[in-house]
Amino acid sequence: MEALTSAKRSFHGNAVVTELCGSLETSLLLRPRPESVILDRDGSRSRNFRSHRKLVSKCRTLSPISEKNAVCNGGKGSSSLSRKNWRLEEELERLTDLKARLKACKSLRERCLLVGSLPRVQAVFSFQQGSLCNEVVAVAMRKLGDYELYLLKCLVAIGQGHILGLEDEGGGVADDHRKILNGCNGLGGMSFVNGSEKSVLMGTLQLMTQLIESFEDAKPSSELIQWPLSLDVTAELQRKRRRGEPDEREVLPKLKSFVRVLDSLERFYDCIGGIVGYQLAGMELIRSSETGEIGFSATRSAQQSFYHVPEGKDLSKDTDFATQAAGWGVKRLAEIGEIYPLGGAGDRLGLVDDVTGESLPVAMLPYCGRTLLEGLIRDLQAREFFHFKLYGSQVITPVAIMTSAAKRNNERVKDLLESHRWFGRGRDNFQLFEQPLVPTIAAENVQWVVRGPLDPMLKPGGHGVIWKLAKDSELFKWFYDKNRKAAVVRQISNPVAATDVTLLALAGVGLHQNKKFGFASCDRKVGAAEGVNVLMESKTEDGRWRYGTTCIEYTEFSRLGIADVPVSTGSMQARFPANTNVLFVDLESVEEVASRNDCASLPGMIMNLKKPVTFTDSYGVDQSIRAGRIECTMQNIADSLQNHYQHQLTSIDHDNLDTFIIYNQRRKVTSSAKRRRKLDDQTLHQTPDGSFLDIMRNAFDLLTSCGVAIDEMESNQCYIDTGPPFIALLHPAIGPLWNIFRQKIYGGSIRKGSEVQLEISELSWTNVDVSGSLVVEAENIMGTVKDGILHYGEGLGRCRFHNVQVSNQGIDWKCSTNVYWQNKVSRHESLKIILKGCSEFDASDVVIKGSHVFEVPDGHKMRVRRSGPTGFSCTLERLPESSRSWAWKYAMRENGEVELEMVENSSKTPQLRASFAR
């Protein structure tokens with residue numbers, strides 16, 4: 001009543017206000033008292049409404065509040081956390097009820113009626129004209145259909161109406177009176193939870209605020225408001241209030257774009273309640289983060305859960321098993337597909353287009369002379385080539401790539417594939433499916449973070465959406481149509497996962513032992529920001545026991561009681577192994593989970609609030625807030641693939657579970673390139689530099705096992721100061737198993753500061769000493785492309801070295817433009833051998849000094865032999881039609897071991913074409 005007295009006093013003598021206040025007094029006396037009220041919190045005010053700020057503030061007192069609410073709204077001794085908690089609990093209760101009621105609706109019409117009846121929604125959508133009507137809402141009601149309006153009403157219903165408010169001409173935030181009237185701004189707006197308020201009260205309150213605005217803008221002597229005044233104010237007043245604001249032509253495109261975002265959110269998250277369910281899940285995850293309680297994502301809902309170190313074969317120690325498992329994998333390669341989650345934004349890499357300056361996704365990172373995506377395809381083709389050499393049959397593995405709209409990820413990936421003509425695999429062997437972008441939610445007030453009007457901050461929803469997305473896009477059917485039973489999953493930022501036996505052994509164990517889900521794991525350092533693999537043992541409420549290997553994200557350690565401790569005192573190795581997201585997937589098993597209409601199809605929902613969210617707002621100001629988005633983790637689909645037993649198992653029985661794990665040396669499983677190393681950063685972890693150095697360390701281990709003398713690898717600090725001690729980049733088709741490398745490469749040395757790059761598969765290296773740079777590039781590394789398809793084994797380039805010394809000045813290690821992990825180096829001198837088409841290079845018992853380029857034409861063989869004490873001679877011969885002088889023959893024994901035999905072609909070459917000596 002004090003507010004009415006103040007209003008009468010402020011507009012003394014005005015009949016309109018006097019009559020309105022009388023109507024409002026009657027409304028207040030007759031209206032039922034709401035059981036609970038969520039009050040607005042003070043915020044910044046726009047310049048247009050500062051003059052009547054006190055009056056608007058007093059209007060809030062028109063709704064009586066309970067003693068509890070009054071205390072929580074800022075009473076003495078109350079904390080901001082307690083205020084937020086009670087507001088959050090009420091909002092959670094309200095949205096839980098709304099979600100249940102929406103689920104019970106049988107049609108869009110019923111859902112529209114339900115949401116439209118909510119007080120929050122009525123307050124915003126009841127008036128299509130007038131100064132109180134939100135400009136965006138006005139356009140929406142004129143131009144959008146029922147379903148699109150339903151999406152916007154859902155947005156208001158979950159407390160996110162601030163996204164619909166265009167900024168006023170003063171550059172302020174959403175108007176104060178709107179916060180009061182529509183109650184649509186998260187925990188900040190006023191909302192009558194029980195819905196018992198009368199429309200007459202709402203109408204009177206709205207008209208009251210409308211009049212206050214009108215009188216402030218109007219000239220007292222020239223513009224009088226005529227009574228009776230309807231709730232739809234005159235067009236003249238509306239124009240005055242909206243002067244300088246964008247018209248419909250500007251609003252509508254933004255609105256339609258935003259509605260598409262809401263549509264994607266509603267459809268994809270239908271299994272948890274669409275837009276309402278997403279907000280509810282986000283709020284529960286925030287509460288879980290604040291209180292430590294188990295929240296929405298709690299698939300681990302058993303009364304008792306115990307976490308053990310999972311037992312599995314260690315491929316680095318049990319080499320016989322590793323060989324056998326890899327043999328199973330290559331033998332059944334035709335049953336396996338590949339899945340690459342590429343949807344991440346990769347903000348930490350700071351990757352930009354050199355020409356346009358646009359941000360680029362992780363897949364486009366130039367790494368070792370090619371993009372990361374090219375590297376994954378290269379590894380895959382090496383395994384297919386290996387299969388061809390063993391069995392003589394062509395296998396083209398179908399590849400599913402999950403992209404996103406972030407940084408034009410989907411468009412760029414498609415352009416890359418097209419530019420490489422689908423890598424000789426055919427368009428129909430690739431399937432791109434785009435993951436949805438989801439809103440970021442502020443932890444403080446559970447509002448969606450916005451950069452500006454209709455511009456929420458959107459991020460990819462985590463790689464765990466991959467399974468439901470695969471179901472929705474019929475990806476599983478696509479794999480089945482190509483006779484695939486299982487798939488291997490590897491992430492784009494991990495370029496080492498295919499090293500040696502890792503991927504083939506993972507797939508081999510999964511298929512051979514009829515497993516449903518598998519992990520390739522390795523050791524982990526204490527305190528590392530990465531998840532762990534565990535064997536979860538749980539006792540359910542009905543007394544049964546369930547078991548399965550799964551993953552716990554590092555952000556969940558404290559909540560689930562995971563102690564990040566070393567394996568032994570003084571060790572830096574953690575007790576639990578690292579989750580690497582190198583996975584084996586039985587497609588039918590995962591599809592069954594993904595088809596469930598519940599949260600199981602969105603596994604491992606988490607919200608990481610440990611890292612601040614930074615963005616630039618509509619004013620160009622950099623902001624940093626505590627916020628997060630709902631992220632799903634693809635590996636936690638394993639939680640729904642656990643085995644159930646009536647009794648507790650012993651460790652001996654764990655081998656019979658449907659989930660499994662294998663181990664290998666860490667740098668043979670994972671070494672990610674996720675963040676850019678700063679100039680003064682002494683840490684290489686998760687940087688392209690660090691993963692490249694791990695590739696060099698793998699090359700050192702491989703080459704030393706081949707009998708090649710090479711300098712010991714140095715520390716990370718030496719790499720930072722002077723670069724790597726050598727560069728050795730070997731095409732995986734030489735193997736891919738290290739046992740095959742050892743049969744093609746034997747003896748010799750690579751001196752410190754030297755470089756060896758071998759882009760070839762058919763290679764014979766015996767006692768080759770390199771001091772400087774040796775680069776071999778075959779045009780046809782694994783085969784010839786015909787009609788857009790790479791045919792393995794046809795028209796290969798071949799290179800044979802026997803007792804050869806290469807000596808030149810090699811890389812200019814002092815050049816400031818060298819970027820070793822990108823394979824961008826400056827050279828003083830080098831020996832470069834280029835094999836065009838089906839051609840051969842053969843060097844024996846010779847010393848090759850200085851800088852040379854030997855280019856061998858298609859269908860020819862070049863021989864290099866010693867000539868004189870220090871020189872050499874070259875001869876170029878034409879090869880017989882469709883023939884080669886030698887080839888490697890592969891054979892696999894029963895234990896999986898692969899043996900190679902060099903088969904010489906006895907046919908003699910025809911006439912000498914050219915010769916020269918040096």
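Of the 918 residues in this protein chain, 57% count as buried. Keep in mind that this is a predicted model. The chain has 25 helices and 41 strands. Look at the contacts between residues at least 6 apart in sequence: 72% of them join residues at least 24 apart.

Let me take one such region, around Ser493. Ser493 lies in the loop between β15, residues 486-489, and α20. Is Ser493 buried or exposed? Its relative accessibility is 9%, and the limit for buried is under 20%, so Ser493 counts as buried. Ser493 and Ser672 are 179 residues apart in sequence, yet their C-alpha atoms are 5.3 Å apart. Setting aside neighbours within four places in sequence, Ser493 is in contact with Val362, Leu372, Ser671, Ser672, Ala673 and Lys674.

Which residues of α15 are buried? They are Phe321, Ala322, Ala325, Ala326, Gly327, Trp328, Gly329 and Val330. And what do they pack against? Two helices are on the list: α16, residues 372-391, and α20, residues 502-512. The strands are β4 at 313-314, β5 at 336-341 and β39 at 886-892.

The structure holds 16 aromatic pairs. One is Phe321 with Trp328: the ring centres are 6.1 Å apart and the planes are at 85°, so this pair is edge-to-face. Both Phe321 and Trp328 are buried. A second pair is Trp886 with Trp888, also edge-to-face, at 6.2 Å centre to centre and 85° between the planes. Trp886 and Trp888 are both buried too.

The charged end of Lys313 sits over the ring of Phe321, 5.3 Å from the ring centre. Elsewhere, Phe801, Phe841, Phe854 and Phe872 form one aromatic cluster.

Next, strand β17. It runs over residues 532-539, and Val532 is in it. How exposed is Val532? Its relative accessible area is 1%, so Val532 is buried. Val532 and Tyr554 are 22 residues apart in sequence and 7.2 Å apart in space, C-alpha to C-alpha. Contacts of Val532, beyond neighbours within four places, include Arg524, Thr550, Cys551, Ile552 and Phe557.

Last, the salt bridges. How many does a search of the whole structure find? It finds 46.

Arg559 and Glu556 form a salt bridge, with the closest N and O atoms 2.3 Å apart. Both Arg559 and Glu556 are buried.

Arg544 and Asp542 meet in a salt bridge at 3.2 Å, N to O. Arg544 is at 29% relative accessibility, so it counts as partly exposed. Asp542 has a relative accessible area of 53%, and is exposed.

Arg893 and Glu899 meet in a salt bridge at 3.4 Å, N to O. Here Arg893 is partly exposed, at 44%. Glu899 is partly exposed as well, at 38%.

And the network: Arg800, Asp842, Lys861, Arg865 and Glu904 are linked by salt bridges.

That's my tour.

Technical notes
Residues numbered from 1 in each chain as written. Predicted model: local features only at pLDDT ≥ 70, side-chain atom pairs only at ≥ 80, totals over all residues. Heavy atoms only, no water. Helix = DSSP H or I, 4+ residues; strand = E, 2+ residues; numbered from the N terminus. Buried < 20%, exposed > 50% of the residue type's maximum accessible area, 1.4 Å probe, protein only. Contact = heavy atoms within 4.5 Å. Salt bridge = Lys/Arg side-chain N within 4 Å of Asp/Glu carboxyl O. Phe/Tyr/Trp six-rings, centres within 6.5 Å; stacked < 30°, edge-to-face > 60°. Lys NZ or Arg CZ within 6 Å of the ring centre and 35° of its normal.
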